[in-house]
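Good morning, and thank you for coming. I would ask you to keep the structure in view while I go through its sheet and its helix packing.

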Amino acid sequence: MNRIASIYSFIDVDDKVVDVGCDQAKLSLMLAKRGQHSIASDVSVNVIDRAKHDIGNNKYISLRVSDGLSNIKENEADTLVLSGMGTHTILKILKNTNLRFKKIITISNNYHDILRKNMLDLNYIVDSELIILENNKYYNLIVFKEGTTKYSESEIVFGLNHKDKDLYIKYLNFLYNKYLDINKKANSKNKKINNYLKLINEIMSNL
């Protein structure tokens with residue numbers, strides 16, 4: 001399953017969706033096929049212009065040029081999609097709005113540990129996660145919901161509530177081998193990497 005299809009699988013038919021950084025409204029087009037309204041938003045005028053060409057007069061899709069959530073009104077959406085951007089961009093968008101969401105679906109390009117920790121400060125917790133393998137590259141989809149909790153170190157670094165355990169194991173093995181390679185080059189002196197290897201071993205032993 002690719003990234004857009006994976007995001008789609010976490011959206012319920014009654015969710016009011018806004019997709020920020022909408023990639024020519026591909027997700028919105030999928031939602032429209034089942035009669036579901038959504039907002040497709042992007043900071044780039046060119047992206048929205050191309051999306052207009054792709055969607056035609058689709059009555060289920062509202063296109064917006066918006067810097068983050070600046071042009072999204074309160075109560076227009078309860079489900080936010082933030083995909084194809086870095087963790088710091090995601091956090092900047094969320095910290096620059098007063099809007100709240102019942103569900104936030106992210107696919108960050110990096111720093112998933114920082115994302116999980118900072119979302120706690122915004123009173124969002126991990127509901128579920130899914131590792132996606134697309135074009136021989138791993139992606140980490142995280143669904144957040146409102147709440148407060150405490151995470152273990154391994155949950156902060158490697159996530160929790162993964163929906164596809166087999167793919168999660170493959171991802172952990174990929175990371176383990178990557179960290180081993182880094183460790184060899186550092187002559188096993190990198191304490192952070194050594195700790196990551198230890199955490200992966202602990203997770204694998206409990207799966």
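A crossing is called left-handed if the near helix is turned anticlockwise from the far one by less than a right angle, and right-handed if clockwise. Helices (H or I, at least four residues) and strands (E, at least two) are DSSP runs, numbered from the N terminus. With those terms, helix 7 passes helix 8 in a left-handed crossing.

Two remarks on the source are needed. This is a predicted model, in which local features need pLDDT of at least 70 and side-chain atom pairs count only at pLDDT 80 or more, while totals for chains, interfaces and linings use all residues. Residues are numbered from 1 along each chain as its sequence is written, and side-chain values use heavy atoms, with hydrogens and water left out.

Let me stay with that helix pair. The axes of helix 7 (residues 165-185) and helix 8 (residues 191-206) come within 10 Å and cross at roughly 155 degrees; axes are lines fitted to C-alpha atoms, for helices over the stretch in contact, and angles run from 0 to 180 degrees between N-to-C directions. The two helices are therefore roughly antiparallel, since angles over 145 degrees count as such, and those under 35 as roughly parallel, 65 to 115 as roughly perpendicular and the rest as oblique. Contact means heavy atoms within 4.5 Å. On helix 7 the contact residues include Tyr168, Leu172 and Tyr179, and among those they meet on helix 8 are Ile193, Leu197 and Met204. By class, this contact has 14 nonpolar, four polar and no charged residues. Here Ala, Val, Leu, Ile, Met, Phe, Trp, Tyr, Cys and Pro count as nonpolar, Asp, Glu, Lys and Arg as charged, and the others, Gly among them, as polar.

How do helix 4 and helix 5 lie to each other, parallel or antiparallel? The axes of helix 4 (residues 87-95) and helix 5 (residues 112-121) come within 9 Å and cross at roughly 15 degrees, so these helices are roughly parallel. Their crossing is right-handed. Their contact has six nonpolar, four polar and one charged residues.

Strand 6 runs antiparallel to strand 7 (residues 137-146), joined by 10 bridges; isoleucine 131 has asparagine 140 in strand 7 as its bridge partner. Strand 2 (residues 38-42) and strand 3 (residues 61-65) run parallel, with five bridges, and serine 41 stands opposite arginine 64.

How values were computed. Pairing = 2+ DSSP bridges.
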